[in-house]
Amino acid sequence: MTHPSWTTSALRPASSAFICAAGATAIGVTVGAIAGYFGGWVGELSTWAMGVVASVPALVVLIIVSIWSRFPVSPIGYGLWLMVLLWTGVARVVGASVASL
C-alpha cells in the first residue's frame, strides 16, 4: 500500500523541525552541563564558544548555504544547519542551572 504524495511532503518539514530541536537540545544540554559542572577555564571556553556561535545570524547562514550549494538543500539539511546555530540558548540555561547546584 502506497501513501499519497502529500503525506510525505507534509512530514518532511515536521521531521526537519524535530531533528533540529532534538539535536540543538542534545548539544546544548551536553555543553551546558560540562561548563556548569567544571567551571573555570572550561566554563570560560564554552561561554566564548556560545558567544561566537550566537553572534552569527541564522538567516544569513541559511541564505549563504542556499546560494553556495551545488544541489538543492533539503528541509532536513536546513534543520541540521539550524541545529548547529541554535544550541546556545539551551546551553546557557543548563550551564547556569548546573552551576547553581
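## The outward side of helix 2

Let's start on the outside: Trp 41, Glu 44 and Trp 48 are exposed on the other side of helix 2 from its buried residues. Here, exposed means over 50% relative accessible area, buried means under 20%, and partly exposed is in between (1.4 Å probe, protein chains only). Helices are DSSP runs (H or I, at least four residues) numbered from the N terminus.

A quick word on the model: it is predicted, so local features need pLDDT of at least 70 and side-chain atom pairs count only at pLDDT 80 or more, while totals for chains, interfaces and linings use all residues. Residues are numbered from 1 along each chain as its sequence is written, and side-chain values use heavy atoms, leaving out hydrogens and water.

## The inward side of helix 2

Which residues of helix 2 are buried? They are Gly 43, Ser 46 and Met 50. These residues sit on the same side of helix 2, because they cover an arc of only 70° around the axis (the arc is that of the directions from the helix axis to the C-beta atoms). An α-helix has 3.6 residues a turn, so residues three or four places apart point the same way.

Thr 47 is in helix 2 too, and with a relative accessible area of 40% Thr 47 is partly exposed.

## The core and its contacts

Met 50 also belongs to the largest nonpolar core, a group of six residues with Cys 20, Ala 24, Met 83, Trp 87 and Ala 91. Such a core is a set of buried Ala, Val, Leu, Ile, Met, Phe, Trp, Tyr and Cys residues joined through side-chain atoms within 4.5 Å.

Now for contacts, meaning heavy atoms within 4.5 Å. Leaving aside neighbours within four places in sequence, Met 83 is in contact with Ile 19, Cys 20, Gly 23, Ala 24 and Ile 27. Thr 88, in helix 5 (residues 88-100), is buried at 8% relative accessibility. Not counting residues up to four places away in sequence, Thr 88 touches Met 50, Val 53 and Ala 54.

## Helix 3 meets helix 4

In helix 3, the buried residues are Ala 58, Val 61, Leu 62 and Val 65. They line one face of the helix, because they fall within an arc of 100° seen down its axis. What do the buried residues of helix 3 pack against? Their partner is helix 4. On the other side of helix 3, Leu 59, Ile 67 and Trp 68 are exposed.

Residues on the helix 4 side of this meeting are Tyr 78, Trp 81, Leu 82 and Leu 85.

Terms used: Helices (H or I, at least four residues) and strands (E, at least two) are DSSP runs, numbered from the N terminus.
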